Amino acid sequence: MLSRTLVALVALGPVLYGYFRSSCSWRVRIAFALKGIEYEQKSVNLIKDGGQQLTDQFKAINPMQQVPAVTIDGITLSQSLAIIQYIEETRPEPRLLPADPKQRGQVRIICDIIASGIQPLQNLYVLQKIGADKVQWAQHFINRGFEALEPILKQTAGKYCIGDEISMADICLVPQVYNAERFKVDMSQFPTIRRLNQTLIEIDAFKATHPSCQPDTPDDLQA
């Protein structure tokens with residue numbers, strides 16, 4: 001039997017430790033929204049006081065000292081794709097991975113290109129180390145990743161990244177396009193990516209979780 005403490009933790013519902021402008025946190029917010037899962041947000045300000053993610057208090061939650069982290073079902077998870085996959089496996093409807101194994105493979109390729117090949121090279125920690133050349137650095141690696149992603153999506157896309165069903169690929173794509181726009185990447189080079197993003201950003205689950213309308217969004221950046 002579950003202990004009383006564990007039962008209480010499960011009853012409280014998920015808690016997302018994130019930051020309004022973190023693209024990885026946004027992925028998890030989108031997944032929760034698409035699944036219709038209510039959750040509590042606890043802000044971890046990546047800028048204030050040198051970065052709240054670097055405190056001992058948050059290190060106890062996520063030893064990697066990154067957002068997002070989620071407490072759910074009596075456990076704590078980190079890494080956005082691991083969190084989303086756990087949500088998918090425990091709360092399978094509506095599904096975020098296609099039924100067809102080949103399409104699931106395509107989803108995972110797109111997710112990994114973004115989550116492993118683009119985002120880590122232009123995240124806040126890296127850009128702080130780069131210094132004055134950070135915009136050019138970010139543009140370079142986003143362009144490099146999108147140059148790989150564009151022809152893949154030309155082959156796989158319908159209304160969304162993989163056919164006409166929203167998947168984890170779409171969850172990863174939209175926050176990365178947001179980053180690209182922040183760093184003034186010329187999106188006219190990537191018409192398929194741009195079209196998909198324009199479609200997805202009009203969906204309620206993507207709108208409601210946008211960085212411009214989160215509890216910790218600064219007043220001057222609110223929509």
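**View 1. How far apart should the ends of helix α7 be at 1.5 Å a residue, and what does the model show?** The 23 residues of α7 (residues 134-156) should span 33 Å, and the end C-alpha atoms are 32 Å apart, which agrees. The expected span is 1.5 Å times one less than the number of residues. Helices here are DSSP runs of H or I with at least four residues, strands are E runs of at least two, and both are numbered from the N terminus. Please keep in mind that this is a predicted model, in which local features need pLDDT of at least 70 and side-chain atom pairs count only at pLDDT 80 or more, while totals for chains, interfaces and linings use all residues. Residues are numbered from 1 along each chain as its sequence is written, and side-chain values use heavy atoms, with hydrogens and water left out.

**View 2. Here is the bend in α7 and its buried residues.** Buried means under 20% relative accessible area, with exposed over 50% and partly exposed in between, using a 1.4 Å probe and protein chains only. The buried residues of α7 pack against α5 (101-117), α6 (124-130), α8 and α9 (191-200), where contact means heavy atoms within 4.5 Å.

**View 3. Next comes N179, a buried residue in helix α8.** Helix α8 covers residues 168-182. N179 has a relative accessible area of 3%. Setting aside residues up to four places away in sequence, N179 touches S23, Q122 and I142.

**View 4. Helix α5 has its own set of buried residues.** Its 17 residues reach 23 Å from first C-alpha to last, close to the 24 Å expected. V107, I110, C111, I113, I114 and A115 are buried, and their cover includes α2, α4, α7 and α8.

**View 5. Now for the open sheet, with its four strands in the order β2-β1-β3-β4.** The pairing is mixed; two strands pair if DSSP finds at least two bridges between them. β2 (40-43) and β4 (75-78) stand at the edges with a single partner strand each, so one side of each has no neighbour in the sheet. On average, neighbouring strands are turned by 20° against each other, direction ignored. β1 and β3 are antiparallel over three bridges, with Y17 opposite A69 in β3.

**View 6. Finally, look at the β3-β4 hairpin and the helices on the sheet.** β3 (residues 69-72) and β4 pair in the antiparallel sense over four bridges, and S78 in β4 is the bridge partner of A69. Two residues separate the strands of this hairpin, and D73 in the turn has a positive phi of about 55°. Helix α4 (residues 80-90) touches β3 and β4, and its direction makes about 130° with that of β4. Helix α2 (residues 23-35) lies across β1 (15-18), β2 and β3, at about 155° to β1. For these angles, axes are lines fitted to C-alpha atoms (for helices, over the stretch in contact), and values run from 0 to 180 degrees between N-to-C directions.

Terms used: Bend = angle between axes of the 7 residues up to and from the residue.
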